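Open the model in your viewer and keep the selection tool at hand. Each stop below says what to pick next and what is there.

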Amino acid sequence: CRSGSSEILKRNSVEQSTPPHRRLGAGDKTASALASRRVGSISKRRRFRMSGELKGHKGAIYSVKFSPTGRFLSSGSLDKTLKLWDLGPRGEDKMNGERAGGGGGSGVHKGAMYPKPKLSLVGHAVNVSCLAWGNTDSKLLSGSYDHTVRLWDIETGKAVEIFSLPSMVQDISWATDHARSRNNNSAPNLRRNISAVSTDAKGQTGRPSGGENLFYVASSTTTILGFDRRVGPKPCHEIGGSVSGGGRINTLCLPIWEDVSCLTTGDTKGLIRAWSLRTGRCITQWKCGFEGLPISNLTPPPGMIPILVANSYDDVLRVYRLPPAIRTGKVKGLVNLNGGHRNTNWPIKSAIFSGILPNDKPILSSNQHVNTLVATGSTDGKAYIYDISEFLSPVHVNEIKESVKMHGDAEVLTGHEGRVYDVNFHPVRPLLATASEDSTIRLWLFLPTKKL
């Protein structure tokens with residue numbers, strides 16, 4: 001990715017030659033001293049340490065996704081391949097090696113050994129840009145800049161179906177994502193033992209049982225195409241396209257609203273739009289900052305937490321609070337995260353973890369131990385983790401009327417030697433995977449530590 005491939009990745013760049021650096025939109029105001037102090041004290045308790053490194057790709061890795069149970073990790077790369085890693089039932093059981101740097105050191109597992117990829121899936125003609133797991137660990141969708149989406153059978157390692165599109169595939173999402181149950185928010189074989197749930201950019205965990213037939217694709221145009229495997233390889237549903245004012249769609253996801261099943265998109269003009277899956281019409285829209293810079297990623301809420309996270313080219317992660325009903329409610333900015341990560345002109349993605357951290361103290365109240373973390377990649381070769389738990393408490397939702405800007409309240413993960421394009425949390429454990437331009441994946445595990 002350090003040569004000609006950089007031009008491929010700089011998709012949907014802004015029309016201006018040099019976009020304004022870290023300029024914030026209307027309402028992006030600094031938090032009160034109280035809020036800033038509390039967030040800072042929370043972030044200092046977090047400690048993710050590298051637990052291993054996965055090698056096998058021969059090019060930059062643009063997408064990384066844990067399977068619904070967390071046993072497998074999939075990755076898509078510039079080298080045109082997908083790789084599947086078997087990490088064991090708990091997501092990292094096959095790690096080998098002694099941890100170095102104990103005490104106040106880095107805590108990196110020096111010499112941690114993981115098995116070679118279980119499978120290498122070959123078929124795409126150019127780089128693999130996005131991935132989406134089905135309801136189980138057996139089916140995986142991949143999108144590529146070769147204008148195709150492929151459905152892979154993990155047991156055989158074969159592409160069982162191929163879907164063609166008019167342009168480069170930017171993002172994909174199973175339609176079953178919007179039907180997630182209120183009572184099924186984590187991997188079924190683990191949720192009795194670990195009280196946690198997470199989602200990635202596509203909300204890939206917590207889906208109820210059902211067919212893996214419908215999915216939606218964003219492909220460098222103003223139109224979302226829907227596919228139904230039961231009727232063949234051609235699109236059967238179109239959303240957007242004729243609606244004016246928007247740009248090319250970079251990202252899509254399916255949050256949960258009580259009143260309508262809808263799909264949410266982010267585009268090159270900085271617009272976030274919610275579309276009815278039944279009518280294909282735009283229900284509501286809002287601008288991500290006032291500059292109109294491209295949105296590179298939308299991450300839906302884990303379980304029923306009413307938030308949406310947007311990565312923007314102005315180096316700000318915006319967290320929005322979603323209303324229960326999108327037709328009658330209003331989306332509000334909750335907090336802006338800009339603790340140092342860089343997003344400008346590159347397709348950087350984020351992920352959310354929500355659950356109980358080991359040996360952690362309650363943050364919200366005496367009877368609530370839930371922690372909500374937002375992780376993002378960055379063009380500076382680092383990953384950033386923000387704790388937004390305090391902002392989700394009822395007290396702070398009522399107290400803070402406008403969006404809040406945070407400074408320096410992120411845990412920074414270092415070690416990659418190139419841009420970190422994607423991050424993904426394990427479905428039930430505080431384990432983070434980071435995918436980089438340096439052709440490696442690193443795994444970071446939360447380890448309890450004393451407050452600094």
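Select cysteine 236. Its relative accessible area is 45%, so cysteine 236 counts as partly exposed (buried means under 20% relative accessible area, exposed over 50%, partly exposed in between; 1.4 Å probe, protein chains only). This is a predicted model: local features need pLDDT of at least 70, side-chain atom pairs count only at pLDDT 80 or more, and totals for chains, interfaces and linings use all residues. Residues are numbered from 1 along each chain as its sequence is written, and side-chain values use heavy atoms, with hydrogens and water left out.

How many disulfides are there? The count is zero, with a disulfide taken as a pair of cysteine sulfur atoms within 2.5 Å. Go to cysteine 262, which is in no disulfide. The nearest cysteine sulfur belongs to cysteine 253, 8.8 Å away. Cysteine 262 is buried, at 0% relative accessible area.

Next, the rings. Rings of Phe, Tyr and Trp (its six-membered ring) pair if their centres lie within 6.5 Å; planes under 30 degrees apart count as stacked, over 60 as edge-to-face and the rest as tilted. The count is 10 aromatic pairs. Select tryptophan 174 and phenylalanine 215. Their ring centres are 5.9 Å apart and their planes stand at 70°, so this pair is edge-to-face. Tryptophan 174 is in strand S11 (residues 171–174) and phenylalanine 215 in strand S13 (residues 214–218), so the pair ties together parts 41 residues apart in sequence. Strands (E, at least two residues) are DSSP runs, numbered from the N terminus. Tryptophan 174 is buried at 0% relative accessibility, and phenylalanine 215 is buried at 1%.

Phenylalanine 227 lies in strand S14 (residues 223–228) and phenylalanine 215 in S13, so the pair ties together parts 12 residues apart in sequence.

Now pick Phe48, Phe353, Phe425 and Phe446. They form one aromatic cluster.

Stay on Phe353 and show strand S24 (residues 350–355). Six of its six residues are buried. Ser350, Ile352 and Ser354 point one way from S24; Ala351, Phe353 and Gly355 point the other way. In a regular strand the side chains alternate between the two faces of the sheet.

S24 and S25 pair in the antiparallel sense over six bridges; pairing takes at least two DSSP bridges between two strands. Alanine 351 has alanine 375 of S25 as its bridge partner.

Notes
Helices (H or I, at least four residues) and strands (E, at least two) are DSSP runs, numbered from the N terminus.
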